[in-house]
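Hi,

Here is the structure I promised to send over. Have a look at it first, and then read on for what turned up.

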Amino acid sequence: MEQKLNFGQALELLKSGKLLSREGWNGKGMYVFLSTKTVVGDNLINPHFTVKNVNGSYSTWVPSVNDCLAEDWQEVE
């Protein structure tokens, strides 16, 4: 059985470059990762969370209160 994590534990794994998802998310195949500082042309992109959406696209992501209080986070292989 895969270990379930709280958001604090999940955040530490995100900071180390891991991919994480929540068991409670309706969209299967979704996961979140930390995008580090990058430069595109002359523009600096600050670190932010990115989510892989169900349709295969990617978007910036901000955790909800429910995400922060959840204890069903898991690492994605």
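Strand S5, residues 48-52, is mostly covered: 4 of its 5 residues are buried. Keep in mind that this is a predicted model.

S5 has a partner in strand S2 (residues 31-35), and the two run antiparallel with 5 bridges joining them. The hairpin of S5 and S6 has 5 residues between the strands, and one of the things to see in it is Gly-56, which takes a positive phi near 90°. One thing to remember while you click along the strands: in a regular strand, side chains alternate between the two faces of the sheet.

Now the aromatics. The structure holds 7 aromatic pairs. One of them is Tyr-31 with Phe-33, a tilted pair at 6.2 Å centre to centre with 40° between the planes. Are these two buried or exposed? Tyr-31 counts as buried because its relative accessibility is 16%, under the 20% cut-off. Phe-33 has a relative accessible area of 21%, so it is partly exposed.

Another pair is Trp-61 with Trp-73, and this one is edge-to-face: 6.0 Å centre to centre, 75° between the planes. Trp-61 sits in strand S6 (residues 58-61) and Trp-73 in strand S7 (residues 73-75), so the pair ties together parts that are 12 residues apart in sequence. Both of these Trp residues are buried. They also belong to one aromatic cluster, together with Phe-7, Trp-25 and Phe-49.

Is Arg-22 buried or exposed? It counts as buried, because its relative accessibility is 16%. Leaving out residues up to four places away in sequence, Arg-22 touches Asn-66, Asp-67, Ala-70, Asp-72, Trp-73 and Gln-74. Trp-73 in that list is the partner of Trp-61 in the edge-to-face pair. As for the distance from Arg-22 to Val-40, their C-alpha atoms are separated by 30 Å, and the two residues are 18 apart along the chain.

Cheers

Terms used. Residues numbered from 1 in each chain as written. Predicted model: local features only at pLDDT ≥ 70, side-chain atom pairs only at ≥ 80, totals over all residues. Heavy atoms only, no water. Phe/Tyr/Trp six-rings, centres within 6.5 Å; stacked < 30°, edge-to-face > 60°. Buried < 20%, exposed > 50% of the residue type's maximum accessible area, 1.4 Å probe, protein only. Pairing = 2+ DSSP bridges. Contact = heavy atoms within 4.5 Å.
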